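Dear colleague,

Please read them with the model open beside you.

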Amino acid sequence: MLKMTTTWIECHLGDVVTLQRGFDLPNRDRREGKVPIVSSSGVSGYHEIPKVKGPGVVTGRYGTLGEVFFVREDFWPLNTTLYVRDFKGNDPLFISLFLKTLDLAHHNAAGAVPGVNRNALHLLPVKIPPLATQRRIAAVLSAYDDLIENNQRRIAILEEMARNLYREWFVEFRFPGWEQAQFVETALGRVPEGWKTGRLADVASVNKLSVKRGKEPSQIQYVDIASVSSGKIDKIETVPFTDAPGRARRIVCHGDIIWSTVRPNRRSYSLILHPISNLIVSTGFAVLTPRSVPYSYLYLAITTNEFVSYLTNRAKGSAYPAVTGKDFEEAELVISSVPILDIFHHITEDVLALQQTLQSRNANLRRQRDLLLPRLVSGELDVSELELAGVLSAVESE
């Protein structure tokens, strides 16, 4: 049931919290420790002593404006931030969620350098619920964050499992039956007899499929290079093809790997499994399609630290260093015998699939949380009689 509650208080933000400028901490004065240093873009390092007791809430004063960070432990807020010095009896976690809905970036101070004026923020009119309601709202929304964090830990474990197995078999050569293997010298060093070395182009195609002129779909699911981070697609945009960027041309299929050609040191890549219809990526990606090796092997082979270093060294350009499809094609790989590749794929296929399932689940959880956030903290959605246990159970079963 949607309604505005009657117990919320209309006041100014300064009646709810007191914001304070953070503290200088030059690099020369920093000492390695476990205390998070919080800048306008989040945790940027660690120090040996805290300046503020946790839990705390921090937002950008200069630099990245409008971002809000909740810090559970004692911390050091930098002078580019504002932190909550006094919560005035309000729940810190709720306050962090509440501030995210205020669009703080649009309350810039006048001047040559964009910044946020805390005195102006203190005068913002707000509506705040009683403490019990604050805690219920925070509990509902933090349930989403807890589940997302748990999924992230599972994803990291699965990633480590797959990468450790790849290194064990194809770098250290401790694959099934390795004890009986004979080794031969190659251009890439000693490899097991029956294996071979070659270029990536020998086992995979680069940029195999593109949208042909005259055969454009009416609508596409588009991914640009800013929407991909290490191992996952963070955002897919549904757009009519006529409104899509001119770079929306690369067609991807199941088992393809996309790798951003710009600034390869940022590791913007993802494995594509069972893509949605009309998924198109930017020509800023190299799309690698395995031909004679499983996608599991190719994906793990071209996302190692060594491969990233290879691409980084091949990149050209100062402002936007980039590689080309040819750089991918010329990369040297050690190719195992087919039986070993088949066994490896049989083991890792499910691991990689579960990773992507958990990533998709987290994307859905984030969407649900972001839809709920403004409705809950504004009072549009009443939680005063909400059965918290039922909500938590529903979130956990997502």
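Across the whole structure, a search finds 14 salt bridges, each being a side-chain nitrogen of Lys or Arg within 4 Å of a carboxyl oxygen of Asp or Glu. Please bear in mind that this is a predicted model, in which local features need pLDDT of at least 70 and side-chain atom pairs count only at pLDDT 80 or more, while totals for chains, interfaces and linings use all residues. Residues are numbered from 1 along each chain as its sequence is written, and side-chain values use heavy atoms, with hydrogens and water left out.

One of the salt bridges joins Asp145 and Arg369, at 2.6 Å from N to O. Asp145 lies in helix H4 (residues 131-170) and Arg369 in helix H8 (residues 338-377), 224 residues apart; helices here are DSSP runs of H or I, at least four residues long, numbered from the N terminus. Asp145 is partly exposed, at 29% relative accessibility, where buried means under 20% relative accessible area, exposed over 50% and partly exposed in between (1.4 Å probe, protein chains only).

Lys326 and Glu330 also form a salt bridge, with their closest N and O atoms 3.8 Å apart; Lys326 is exposed at 51%, whereas Glu330 is partly exposed at 25%.

Notes:
Helices (H or I, at least four residues) and strands (E, at least two) are DSSP runs, numbered from the N terminus.
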